[in-house]
Every structure is written in C-alpha cells, then in structure tokens.
Amino acid sequence: MHFDAACRNQWHTHTLAQILVVTQGLGLYQTQGEAARLLQPGDIVTTGKDVNHWHGICANHSMEHVAVTLKDADGNAVTWGRSVSDEDHEAANATAVEHFTASPTTNARAKDWAVLTMAKEIWA
C-alpha cells in the first residue's frame, strides 16, 4: 500500500492481529499511552488483539508497507475509533525521532522471530 505525506488512519483495534512490513519511506506508529515510533524500510510492526493504535506517514515523506490483517471467524478485522487530529499528528512527528532508539526489531533475525512468535500465538 502506498501513502502520501502526512496521511494517517484513525485510532483502531484489530479483532485478532495485524502485521505491517515497511518497504519504503518513513512513517509513524503509535499505541495509546505511548510515544509515537518512527517507521523505516525493513521495520516490522506486530499489533496484537484489541491494542488501540494508529499508523501514518511522516509530514514530509511518503511510505509504502505490506499489511497482513487477520479476521475472526465472523469476518471482522478492525474496529475504527476517533480520527487522529492534526495536533496529534504534528506531535507524533516531533517526538518520533526523539523517542526512536535502536532495538532488537532493527535486527533482521529479531524481526523474523517477532513475526514467527506472533503467528505461533495467533494460530496456536
């Protein structure tokens, strides 16, 4: 999926889970109550069941990602919440770089492990 600069979705939760794989550009991911996180090519984000979050694009960049969203037995995948305001998006842009630190998810093997671990939990 391709997203233009400053694009973002609404706060939302997933019925089961979602996996995002960033392939190009710079984006943002924020879980309710936490600082926004900068997304870069190669990053993998795993969002578990009922985690309130949003993802979008940095103010002056575009971004592309692959999304895998799991549906429950009734075909439900997402519950949409309120919009992410311009003020919240600007604050996320300002704080994402400040709060971004190297983590195990920047290691390719750790990313693979995270995806496999989540898949194991979902399909167990």
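User: How many bridges join strand 4 to strand 7?
Analyst: Five bridges join strand 4 (residues 27-31) to strand 7, and the two run antiparallel. Strands here are DSSP runs of E with at least two residues, helices are runs of H or I with at least four, and numbering starts at the N terminus. Two strands count as paired if DSSP finds at least two bridges between them. As for the source, this is a predicted model, in which local features need pLDDT of at least 70 and side-chain atom pairs count only at pLDDT 80 or more, while totals for chains, interfaces and linings use all residues. Residues are numbered from 1 along each chain as its sequence is written, and side-chain values use heavy atoms, with hydrogens and water left out.

User: Thanks! Which residue in strand 7 is the bridge partner of Q30?
Analyst: That is W54.

User: Is strand 7 mostly covered or mostly open?
Analyst: Mostly covered: five of its five residues are buried. Buried means under 20% relative accessible area, exposed means over 50%, and partly exposed is in between, using a 1.4 Å probe and protein chains only. H53, H55 and I57 lie on one side of strand 7, with W54 and G56 on the other.

User: Let's zoom out. What pattern does the chain follow along the sequence?
Analyst: Reading along, you get β-β-β-β-β-β-β-β-β-α-α, with nine strands and two helices in the protein chain. Buried residues make up 33% of its 124 residues.

User: Which residues form the largest nonpolar core?
Analyst: There are nine: W11, L28, A36, L38, W54, C58, V84, A92 and A96. A nonpolar core is a set of buried Ala, Val, Leu, Ile, Met, Phe, Trp, Tyr and Cys residues joined through side-chain atoms within 4.5 Å. Another core of seven residues lies apart from that one, and V22, L39, I57 and M63 are among its members.

User: Why would nonpolar residues gather like that?
Analyst: In soluble globular proteins, nonpolar side chains tend to be buried together.

User: And what is L28 in contact with?
Analyst: Leaving out neighbours within four places in sequence, L28 has contacts (heavy atoms within 4.5 Å) with residues including R37, W54, C58, H89, A92 and A96.

User: New topic: what order do the strands take in the open sheet?
Analyst: The open sheet has four strands in the order 1-8-3-6, paired antiparallel. Strand 1 (2-3) and strand 6 (44-47) each have a single partner strand, so one side of each has no neighbour in the sheet.

User: How many bridges do strand 3 and strand 8 share?
Analyst: Seven, in the antiparallel sense, with strand 8 covering residues 63-69.

User: Where is G25, then?
Analyst: G25 is in strand 3, which covers residues 18-25. G25 counts as partly exposed because its relative accessibility is 22%. Not counting residues up to four places away in sequence, G25 touches L39, Q40, P41, S62 and M63. G25 and E64 are 39 residues apart in sequence, yet their C-alpha atoms are 6.4 Å apart in space.

User: What about H61, which residues does it touch?
Analyst: Setting aside residues up to four places away in sequence, H61 touches D4, A5, A6 and L26. H61 lies in the loop between strand 7 and strand 8.

User: You mentioned A6. What is its phi?
Analyst: A6 has a positive phi of about 70°, although it is not a glycine. You can find A6 in the loop between strand 1 and strand 2.

User: Last one: how much space lies in the largest pocket?
Analyst: About 230 Å³. A pocket is found on a 1 Å grid over the protein atoms alone: it is an open set of points where a 1.4 Å probe fits, with protein on both sides within 12 Å along at least five of seven lines, and lining residues have an atom within 4 Å of a point. Grid points are joined across faces, edges and corners, and the volume is the space filled by probe spheres set on the points. The lining has 18 residues, and M1, N9, Q18, H55 and W80 lie nearest the centre. Strand 8 gives the largest share of that lining, four residues.
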